[in-house]
Every structure is written in C-alpha cells, then in structure tokens.
Amino acid sequence: MSSIKNNEYSEFIKNDKIVTHTVNGISRFLMLWIIQHYGPIHGYNISKEFSEIFEVLISSGNLKKSNPSKMYPILKDMEGNGLIAGDDVLRDNKKVKFYKITEKGEFLLNHVCNNFNDIRKSPKGSLFFDDFLNF
C-alpha cells in the first residue's frame, strides 16, 4: 500500500476517533483491572498505568494521553455503584484517595472476563480473536 494511502487512512482513523471510542468502551473494565492488580492505588497512578498500557497508541497520535481529571468522575461513579472503595489518606499535608476493588467489582470483572473467554472459545469467537490478536 502506498504511503499516501497509509497517511490518508491514518488521518481518517484519527478524525473518526474509532480508537478513542474503542478505548472508552473498555476503560471501566481496564480501570477495575488496574485497581485489582495494583490497588490500593490513587487516581493519578491509575491514569499513569492507563497511559502506559496505551503508550503505543498515544505515541502514534491515535489516542490522547490519559487525563486524571477525566478519570475522577468515572472513579466516583464506580465508587457510588459499589465497584470500588476509596480511602482518604493524608500524604504530604494533602488528602489523597486510594482505591481498592470491592467484592462486587471483582465479581463484575470476573463476569466480563468469563464472558469474553466464552466468546473466545466458541468457533466464530476463536476465529475472530485469533485473527484480531495476531493481525
């Protein structure tokens, strides 16, 4: 494929925001996973982990770097739904909230993972994931 076509298609992807919408679609589950894996963890570090996971997309310009101010409303919503619990800690004379996953959050995360595994194990799902992950 010509570099002109590659550039044209790359601009289309950036402008269409398909990558951004895909990341937004999985962001809550990814945040739950980060909290489960690294918790207790505060919002800024969740944002850093998020950015590290998507570093390839960020450095290519296909995705904007994660912004902690966008994460906090999601964290508050997840806390309100009982998926995570936040504990305020005084650190360097500043109040910092550390999050940990709750039993309900672990149940949801496991439920989603199990559903994706079930899809992956089906004949068509296996074909899709094999193609998708080994593209």
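A residue counts as partly exposed when its relative accessible area lies between the buried limit, under 20%, and the exposed limit, over 50%. The model on screen is predicted.

**Whole chain**

Start with the entire protein chain, coloured by secondary structure. Seven helices and three strands make up the chain. Read from the N terminus, the order is α-α-β-α-α-α-β-β-α-α. Switch to a surface display: the chain exposes about 9,800 Å², and carbon and sulfur atoms supply 56% of that area. Of the 135 residues, 26% count as buried. Among contacts with a separation of 6 or more, 47% are between residues 24 or more positions apart.

**Stop 1: helix H5 and its charged side chains**

Select Glu79 and Lys97. Their side chains form a salt bridge, with the closest N and O atoms 3.2 Å apart. Glu79 belongs to helix H5 and Lys97 to strand E3 (residues 94-101), so this pair links distant parts of the chain, 18 residues apart. Is Glu79 buried, exposed or in between? Glu79 is partly exposed because its relative accessibility is 24%, which is not under the 20% that buried requires. Lys97, at 28%, is also classed as partly exposed.

Stay on H5 and select Asp77 together with Arg28. These two side chains meet in a salt bridge with an N to O distance of 2.7 Å. Asp77 sits in helix H5 (residues 68-80) and Arg28 in helix H2, so the bridge ties together parts 49 residues apart in sequence. Asp77 has a relative accessible area of 33% and is partly exposed; Arg28, at 36%, is partly exposed as well.

**Stop 2**

Now select Lys100 and Asp87. A salt bridge joins them, the closest N and O atoms being 3.8 Å apart. Lys100 is partly exposed at 39%, and Asp87 is partly exposed at 40%. How many salt bridges are there in total? The count comes to three. Side chains of opposite charge can pair when their charged atoms come close.

Move to the loop between E2 and E3 and select Asp92, which is located there. Phi of Asp92 is near 55°, a positive value in a residue other than glycine. Asn93 is in the loop between E2 and E3 too, and its phi is near 60°, again positive in a non-glycine residue. Most residues other than glycine have a negative phi, and most peptide bonds are trans. Asp92 is exposed, with a relative accessible area of 70%, and Asn93 is exposed at 73%.

**Stop 3**

Select Gly39 and Pro40. The peptide bond joining them is cis, with omega about -10°. Pro40 is found in the loop between H2 and strand E1 (41-42).

Ile53 lies in helix H3 (residues 43-53) and is partly exposed at 41% relative accessibility.

**Stop 4**

Is Ser51 buried or exposed? Ser51 is buried, because its relative accessible area is 6%. Leaving aside residues up to four places away in sequence, Ser51 touches Ile58, Lys65 and Ser66.

Ile18 is partly exposed, with a relative accessible area of 44%.

**Stop 3: the largest pocket**

Finish at the largest pocket, whose volume is about 780 Å³. To find it, select Ile26, Phe116, Phe129, Phe132 and Leu133, which lie nearest its centre among the 19 lining residues. Which elements give two or more residues to the lining? They are helix H2 (18-38), helix H6 (103-121) and helix H7 (123-133). H2 supplies the largest share of the lining, seven residues.

Technical notes:
Residues are numbered from 1 along each chain as its sequence is written. This is a predicted model: local features need pLDDT of at least 70, side-chain atom pairs count only at pLDDT 80 or more; totals for chains, interfaces and linings use all residues. Side-chain values use heavy atoms; hydrogens and water are left out. Helices (H or I, at least four residues) and strands (E, at least two) are DSSP runs, numbered from the N terminus. Buried means under 20% relative accessible area, exposed over 50%, partly exposed in between (1.4 Å probe, protein chains only). Contact means heavy atoms within 4.5 Å. Accessible areas come from the Shrake-Rupley method with a 1.4 Å probe; for residues, only the protein chains shown count as cover. On a 1 Å grid over the protein atoms alone, a cavity is a set of points where a 1.4 Å probe fits but cannot get out, and a pocket is an open set with protein on both sides within 12 Å along at least five of seven lines; lining residues have an atom within 4 Å of a point. Grid points are joined across faces, edges and corners, and a volume is the space filled by probe spheres set on the points. A salt bridge is a side-chain nitrogen of Lys or Arg within 4 Å of a carboxyl oxygen of Asp or Glu.
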